[in-house]
Amino acid sequence: MAKEVIMPALGMAQDEGVLLRWLKKEGEMVTAGEPLMEVATDKVDVQVEAPASGLLTLVTAKEGDEIPVGQVIAQIAAEGEEVPAPQQASDPQEAAAEDKPADPPLPSSPVAARIAAEHGVDLSQVSAAGGRISKEDVEAHIRAAGSDSRVLASPKARRLARERGIDLATLVGHGPEGAVLAADVPMVADPQAEILPQPVPEVAATTDRAPAMEPETQSVSRMWQIMAQRLTDSWTSVPHFYLVRDVSAAQLMNWRTLLAAGAADGAKITYTDMLTKLSALSLARFPRLNSFWDDGKIVTNPDINVGLAIAVEDGLLVPVVHSADRLRVDEIAARRADLVARANGAGLLPDDFAGGTFTISNLGMYGVDAFNAIVNPPQAAILAVGRIADRVVAENGQPVVRPMMTLTLSCDHRAVDGVRAAQFLDALVGMIEEPLRAL
C-alpha cells in the first residue's frame, strides 16, 4: 500500500511549512530514511527523510509552496504496486513534451534555495554560471523577470490575510523588498478601500548639484525576516524592565583555569559555559524567572533549558542546552560547541530549538561592555553579558584594579517583578564572585 508523504510538524507552534526543494524527483526510487525534501519552518531549515521505500509519485507540492501541516503532498508506492497514471495532456504537443526526458536539475546552494522559495522562483528555470545554482544566479533571474510572481509576505502576514479574507496583492508592504508584514494586514477587509500610489514630490532640476545617489536595498534571508518579526512582536507587546549589576570576575577566571586543566580531550571551556551552569542553578532557586506569561496566567516550566544566542550569516539563532542545571560544565561546553558547529553548517534540527526557558546573550568577545537584550518570547527573561575588563573599584575604602564585567537582566514585567528579578540576579552574582557557592 502506498505511503503518504505529508508536510510534517517540526515545531510545537508550527501551522505550516515552506517546501524549499525536492531532493528526489517524481518517478524516482527512494529509500526509507534518506533525505526526501527540504522544508523551512519559522526557526530552521530541515531535510525531511522519506517515510518509506518505493517510487515517489503523485507529487502535488511545488518548491516555494507554503503548505499546512498534515497536508498530503506526495505518495511513495511500494515495489510492484500499481501506480496511478498521471493526468494526460490534452494537446498532443504537450504530451510529447512531457514524454521527453528532462535534464537532471542542477544542485543549488541553501541560500539560493531559500531566496528562490521566498520569491516563488522555479529553480529549474534558473540559468547557472557554473555547475551549481548560486545566490547570484537566482537574484539575476529575479531581476530579469522584472517582477515577482508571488507576493512577498511573512508567514504570519499570510495567515492573518487568509483569516481576514484579505488579498495580499492589495496591501502595501513595509518589509524588506516591500514584503507584507503582519502589521500591514488590516483587522478587517474593506472592499471599498483603494490602495493609491504615494505621490512623488517634484524636485527642481539643478545644474550645480551632483546627482543624488540611489539608496542601496539589500535583500535579507527568510531567517532574518522571521527574527525581525519576532523581536518586533516582543518589543511592542512585552513590557520590558532591566536590572544591571557590575560583577567581579576574578574568581570566575580562576575557576575557568581549573576547569580547563581538568577538561578531557582538550575541551574548551568558555565563560558562556560557566554562566550557563550558574544561571541554571539560580533559576532552580528562583523559578519565577523560568516561567512565561500565558493569557493572564504565569506558567512555570518544569525543566531548565538555557538558550544561547548564536549569530550566523543569515540572522540569529537560539539553540537550547536542555536540563542545564543537571549537566556538568564540561558537558555544557560539549553541547555548546556542537550547537555552534551545526548552526554555522545549517545542521540544526527542530529539537535543538525546542523548550527554551531562559536565554543568555554574550557579546563580551566583541568588546561590548554592556547592552540591553530583547526578551526572547515566550520566555520571562534574558541575560546580557558584557566583556571582562580591568576597572578601578573601591575595596575597603581604597582604589584597586579588578577584572569586572557587567550583567544586564531583561525581564517581562507580566511574569516577573523587580524584587524576584533582583533576588535571582543577586544569587547569580554571588556564585560568579564565589563559585564554591554553586556546590
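Predicted model: local features only at pLDDT ≥ 70, side-chain atom pairs only at ≥ 80, totals over all residues.
1. Helix H7 is mostly covered, with 12 of its 15 residues buried; buried means under 20% relative accessible area, exposed over 50%, and partly exposed in between (1.4 Å probe, protein chains only). Among the buried residues of H7 are Thr272, Asp273, Lys277, Ser279 and Leu283. Helices (H or I, at least four residues) and strands (E, at least two) are DSSP runs, numbered from the N terminus.

2. Residues are numbered from 1 along each chain as its sequence is written, and side-chain values use heavy atoms, with hydrogens and water left out.

3. Arg336 lies in helix H8 (residues 329-344) and Asp273 in H7, so the pair ties together parts that are 63 residues apart in sequence. Both Asp273 and Arg336 are buried.

4. The whole structure holds 16 salt bridges. In one of them, the side chains of Glu34 and Lys24 meet at 3.4 Å, N to O. Glu34 lies in the loop between S3 and S4 and Lys24 in the loop between S2 and S3, so this pair connects parts 10 residues apart in sequence. Glu34 is partly exposed at 22% relative accessible area, whereas Lys24 is buried at 17%.

5. Arg387 and Asp369 also form a salt bridge through their side chains (2.7 Å, N to O). Arg387 is in the loop between strand S17 (381-385) and strand S18 (389-395), and Asp369 is in the loop between strand S16 (358-362) and S17, 18 residues away. Arg387 is partly exposed at 33% relative accessibility, and Asp369 is partly exposed at 38%. Separately, a network of salt bridges links Arg335, Asp338, Arg342 and Asp352.

6. An open sheet of four strands has the order S5-S4-S2-S7, with antiparallel pairing; two strands pair if DSSP finds at least two bridges between them. Strands S5 (45-49) and S7 (66-68) are at the edges with a single partner strand each, so one side of each has no neighbour in the sheet. Within the sheet, S2 (residues 16-22) and S4 (residues 35-40) are joined by four bridges, and Leu19 stands opposite Val39 in S4.

7. Strand S6 (residues 54-57) pairs with S3 (residues 29-30) in the antiparallel sense over two bridges, with Val30 opposite Gly54. S6 also runs antiparallel to S8 (residues 72-77), joined by three bridges, and Leu55 stands opposite Ala77 there.

8. The largest nonpolar core has 51 residues, of which Phe358, Leu383, Leu407, Leu409 and Ile432 touch the most other members. A nonpolar core is a set of buried Ala, Val, Leu, Ile, Met, Phe, Trp, Tyr and Cys residues joined through side-chain atoms within 4.5 Å. Helix H10 (residues 418-433) supplies the largest share, eight residues. A second, separate core of 16 residues includes Met7, Ala50, Leu56 and Ile67.

How values were computed: Salt bridge = Lys/Arg side-chain N within 4 Å of Asp/Glu carboxyl O.
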